[in-house]
There are 2 protein chains.
Amino acid sequence: MGGSLGMALKSKGLSSRVIGWDVSRDKLDEAIRAGAIDTGTFNREEALEDTEVLVFATPVGATSALAADWFPLVPSRCLVTELGSVKGDIVESLTRLAGIRCYFVGSHPICGSEKSGVQGARSDLFENKLCLLTPVERTRKQALSRAQAFWQALGMKVVSLAPALHDQVMACVSHLPHLLAVSLVNEVGDRKLLQYAGSGFLDMTRIAAADPGLWVEIIFLNEENVSLELERWRKHLEKILKMLQSKDAGALKEWFRKAQRRRLNLGQAGEKNPSLRRRR
Amino acid sequence: MGGSLGMALKSKGLSSRVIGWDVSRDKLDEAIRAGAIDTGTFNREEALEDTEVLVFATPVGATSALAADWFPLVPSRCLVTELGSVKGDIVESLTRLAGIRCYFVGSHPICGSEKSGVQGARSDLFENKLCLLTPVERTRKQALSRAQAFWQALGMKVVSLAPALHDQVMACVSHLPHLLAVSLVNEVGDRKLLQYAGSGFLDMTRIAAADPGLWVEIIFLNEENVSLELERWRKHLEKILKMLQSKDAGALKEWFRKAQRRRLNLGQAGEKNPSLRRRR
């Protein structure tokens, strides 16, 4: 997502210079070739000179440790943010690192895909999508409004949520569904039935092709909420089983109808503006 | 799917005349305008005159009752088939109705979508997709080979499965996943969290927009197998919960990796040839 962010900033003329930092020269060169960054460096001081916005586009398991090396060098009035799908621990440690100046606010642009690396990057990734910000009490108002303006300039709708609530919401709408998709592929695969899968199954399991390392970190950082969602799902399954076994076609149909109405309201994944539609 | 079939037969020049039968004049006219049929009729005798292939493209709950009116009128050597997603009861009753001539074989082209009606029809729907045939002991060899040739001429790969096995397989790869998608939409919707859904969620739940009436019939006709799958899923969830709570990152990562490998092997839903790839 860091690659897409660089491309988007450059294509919209929002940054005079996008500097990439990585431990791999190859990745930096690849990002330059792809047009995701203007220059690359291994040197933090160089990366931060006159920098107005520092974005950690890092796997969630690495952000806190990495950030500890950066915060002491961050220029005053440089906004710091990160793009993680889990917030609790990360926002807590980065807020602490940000100190009393606290020009830090967590961001979660909801537009990830199953692709990793700069090859999967797209300059229009953020367009018309939702970005969740997770300010805490200590977050400076000015930092929050700069973060809002930053994502809005990229075409996003911005909503603020407390970090703990963010993680509960994501456990429900993203992390648990991800586990269901992975489980579907493996259970059907273990029974050697994948060759019978149709396009519905392919769509349902697209996200199971995402990077395992990134997702294990996300799931473990949000383990408590994800476990609660798994417990809820056991109850959902029991509810469905009861509907089936009671042969209550009316109830089942009403349940299907409600989902159909809701799903049609959400629009298509490929559509321009699905996450900003009105929903019930 | 009847509309797509008519379009495909006509576009490939496989039929000199495609005749539609329906109880609604409006639907027949719409199908003619869409190029799905050449002529439409309410009259069974007229529909069957010189007809070589009779296809029931009916909701699975209606096929058996409807077929009882047709079989007595079917010309000798007319192949009869249907397109249902569940086979057990339907194949049994249609085989009985087909009598000793038994020019009947069940077909399940695995290329459905969440769309209904002739507006969603596409002449290339069958291209490079899988078609399951469900012959029984009494099925005439000639009928089976004609059905194979029929679907192959439409660009499909054809595989035969016993009806009972077909229904077990579909409970696993299609009917249970459908219930998961519906459940996802409703559980997230009941908690008013649908506005936070990203494209992974949209893809996972696309099929929840399908026709509720059709799906309730499918689920109830395959209720026994679907209930077994639901029971299995309770165990899947317990397995995931244990992996999480034991904090066994290695096991979780290996489980994610296996799914990633398998899912990448399956290709994309939009891809030309996903269901014919090699799988593990």
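Biologist: Against which elements of chain B do the buried residues of H5(B) pack?

Modeller: This is a predicted model, in which local features need pLDDT of at least 70, side-chain atom pairs count only at pLDDT 80 or more, and totals for chains, interfaces and linings use all residues. Residues are numbered from 1 along each chain as its sequence is written, with chains lettered from A and ligands numbered from 1 in the order in which they are written. Helices (H or I, at least four residues) and strands (E, at least two) are DSSP runs numbered from the N terminus, and contact requires C-beta atoms, placed from the backbone, within 7 Å. The partners of the buried residues of H5(B) in chain B are helix H4 (63-70), strand S4 (79-82), strand S5 (106-110), strand S6 (130-134) and helix H7 (163-190).

Biologist: Which residues of H5(B) are buried?

Modeller: A residue is buried if 20 or more other C-beta atoms lie within 10 Å of its own, exposed if 12 or fewer, and partly exposed in between, with C-beta atoms placed from the backbone. In helix H5 (residues 88-98) of chain B, the buried residues are Gly88(B), Ile90(B), Val91(B), Leu94(B), Thr95(B) and Ala98(B).

Biologist: Why is S6(A) largely enclosed by the rest of the structure?

Modeller: Leu130(A), Leu132(A) and Thr134(A) point one way from S6(A), Cys131(A) and Leu133(A) point the other way, and all are buried. Strand S6 (residues 130-134) of chain A is largely enclosed because its buried residues number 5 of the 5.

Biologist: In S7(A), which residue is the bridge partner of Leu132(A)?

Modeller: Strands pair if DSSP finds at least two bridges between them. S6(A) and strand S7 (residues 157-160) of chain A run parallel, joined by 4 bridges. Within S7(A), the partner of Leu132(A) is Val159(A).

Biologist: Which helix of chain A gives the most to the side that touches chain B?

Modeller: In the contact between the chains, 76 residues of chain A meet 76 residues of chain B. Of the residues on the side of chain A that touches chain B, 17 come from the helix that gives the most, H7(A).

Biologist: How are H11(A) and H7(B) oriented to each other?

Modeller: Axes are lines fitted to C-alpha atoms, for helices over the stretch in contact, and angles run from 0 to 180 degrees between N-to-C directions. H11(A) and H7(B) pack with their axes 9 Å apart, at an angle of about 75°. Angles under 35 degrees count as roughly parallel, over 145 as roughly antiparallel, 65 to 115 as roughly perpendicular and the rest as oblique. The orientation of H11(A) and H7(B) is therefore roughly perpendicular.

Notes:
Contact = placed C-beta atoms within 7 Å.
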